[in-house]
Amino acid sequence: ADRPLRIVVVSPRAGPEILGGAEVHLAMLARLMKELGHHVEIASTQARSHSAWANELPPEAEVEGIPVRRFPVDAFDQETHDVYSAQAFFQRPEHRDAFTEQMVRNFAHSSELIAHLRGISERTDLFLTGPYLHGITVDVARAFPTRCVVMPCLHDEWLARLKVYREMLRNTRGIMFNTPEEMAFAAQTLRVLHPRCMVVGYGLDPQTCAGRKGRDVTGRGRPYVFYAGRIEANKNLELLVEGFVAFKHNAQECDKSF
């Protein structure tokens, strides 16, 4: 840009206590845009948990010098959301979209957050939000399609193929992808061919990363597997552990044969 922009980063959860990958990435982008000279603030909800969505955090905070304004999550029925999610999941792909609008509607939203964004929209150049699954992301993209850039964090999963998310991505101002594979998946599988999209990536600052710690733990020269993510079932961590155990077992058997 030829002038400093006013940018609002809209994250479903925000704060130094939030460790979700997408949320941390959005906070990192906010910091980098501020370092480039733009006027940046973060808008979010008062939720701490990505499953309970209870209003636990205070209305205001700060992340690396960037002001954070939090708004309460609207009351919603998690069981109703789960019912519609299950109905969509067990349908044939061509029939799933009949349930998805209800699935998204009965999820975590914040009417006060959207009202706040509408109140500042005239003096805001850009809204940056994500990831794609959240009802709050859909709300922001629908409310400000000409000024909203979405960082979807797409995975090759049945949810990404739903019409509500594909239309959101097609109609937004732009899309920021983390990898070339993610962008190719959007274009080739989802048929989201957006004229304003690019791979931004998720970088690590070499000045702050202690790259030798893993080697110090495992022993220098020994290969190791590194996992970075939450310890929970929906990350499929069990499959990673089972695969690693099988790999170690096969390697030991191979050693015995020589």
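The reply below starts with one serine and then turns to cysteines and helices.

Me: Where does S110 lie, and is S110 buried or exposed?

Reply: The model is a predicted one. S110 lies in a loop, the one that runs between helix α3 (97-105) and helix α4 (111-120). S110 counts as buried because its relative accessibility is 2%, and the cut-off for buried is under 20%. Neighbours within four places in sequence are set aside in the contact list of S110, which then holds T45, F71, P72, V73, D74 and I136.

C148 has a relative accessible area of 0%, so C148 is buried. C153 has a value of 18% and is buried too, since the limit is under 20%. As for disulfides, the structure holds zero.

Helix α7 spans residues 180-188, and its buried residues are E182, F185, A186 and A187. These buried residues of α7 pack against β7 (174-177).

An exposed position is found in another helix. F247 is placed in helix α9, which covers residues 237-257. With a relative accessibility of 54%, F247 counts as exposed, because exposed means over 50%.

Key:
Residues are numbered from 1 along each chain as its sequence is written. This is a predicted model: local features need pLDDT of at least 70, side-chain atom pairs count only at pLDDT 80 or more; totals for chains, interfaces and linings use all residues. Side-chain values use heavy atoms; hydrogens and water are left out. Helices (H or I, at least four residues) and strands (E, at least two) are DSSP runs, numbered from the N terminus. Buried means under 20% relative accessible area, exposed over 50%, partly exposed in between (1.4 Å probe, protein chains only). Contact means heavy atoms within 4.5 Å. A disulfide is a pair of cysteine sulfur atoms within 2.5 Å.
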